[in-house]
Amino acid sequence: MEHKVTDLAYLAGIVDGEGCITITENMKGGRNYYRLVLDITNTSYDLMQWLEDTFSHTIRTSYYRSTNRTDMYGWTASGNQAQDLLRLILPYLIIKKPQAEIALEMNIAPYGGGSNHSYSADEEEWRKCLCNDIHRMNKRNGNKGSYIRSPNYTQKEVNAPSR
């Protein structure tokens, strides 16, 4: 699906202000698997509806109710969908651009994005470094421009094919 530049730029602004780009680590069959997640939380149902209508490959839209607070809505894309969106909005990101760059280095497309793929022990260790790096950046005050990557990190070219 072709997206308007204005929609991509607007999505980047939303991600910068309300979004979270992360890599989750899950254990299955004695091995760690890593999943790219792009999550946006906001109190506006209209914003969530726009995200769902504009970027049709979203995973879910849901809300959380609390007795003393405004309803919170969440929109999530993961795996290949998140990777494709991040690739499209990367030029427009400002605050979360370093996290997006790390996330795109994971290059999940060759593995299909699911948990049934396999990769070498070296690749698993490299993905763990990416996961740890993005988690450090996501901590409060962790992305101030002076961030240093972990010593085990070796940068790989971001060249995942577009879908």
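Two rings of Phe, Tyr or Trp (its six-membered ring) count as a pair if their centres lie within 6.5 Å. This is a predicted model, and by that rule it has 3 aromatic pairs.

**Stop 1: the ring cluster**

Start by selecting Tyr 10 and Trp 50. Their ring centres sit 5.1 Å apart with the planes at 85°, and planes over 60 degrees apart count as edge-to-face, so that is what this pair is. Now colour by helix: Tyr 10 belongs to helix 1 (residues 5–18) and Trp 50 to helix 2 (residues 45–54), so the pair links distant parts of the chain, 40 residues apart.

With that, ring pairs join Tyr 10, Trp 50 and Phe 55 into a cluster.

**Stop 2: helices 4 and 5**

Now select helix 4 (residues 97–105) and helix 5 (residues 121–138), whose axes lie 10 Å apart at an angle of about 165°. That angle makes the two helices roughly antiparallel, and their crossing is left-handed.

Show side chains where they meet. On helix 4, pick Pro 98, Gln 99, Ile 102, Ala 103 and Glu 105; across from them on helix 5 are Trp 126, Leu 130, Asp 133, Ile 134, Met 137 and Asn 138. Colour this contact by residue type and you get 7 nonpolar, 2 polar and 2 charged residues.

Notes: Residues are numbered from 1 along each chain as its sequence is written. This is a predicted model: local features need pLDDT of at least 70, side-chain atom pairs count only at pLDDT 80 or more; totals for chains, interfaces and linings use all residues. Side-chain values use heavy atoms; hydrogens and water are left out. Rings of Phe, Tyr and Trp (its six-membered ring) pair if their centres lie within 6.5 Å; planes under 30 degrees apart count as stacked, over 60 as edge-to-face and the rest as tilted. Helices (H or I, at least four residues) and strands (E, at least two) are DSSP runs, numbered from the N terminus. Axes are lines fitted to C-alpha atoms, for helices over the stretch in contact, and angles run from 0 to 180 degrees between N-to-C directions. Angles under 35 degrees count as roughly parallel, over 145 as roughly antiparallel, 65 to 115 as roughly perpendicular and the rest as oblique. A crossing is left-handed if the near helix is turned anticlockwise from the far one by less than a right angle, and right-handed if clockwise. Contact means heavy atoms within 4.5 Å. Ala, Val, Leu, Ile, Met, Phe, Trp, Tyr, Cys and Pro count as nonpolar, Asp, Glu, Lys and Arg as charged, and the others, Gly among them, as polar.
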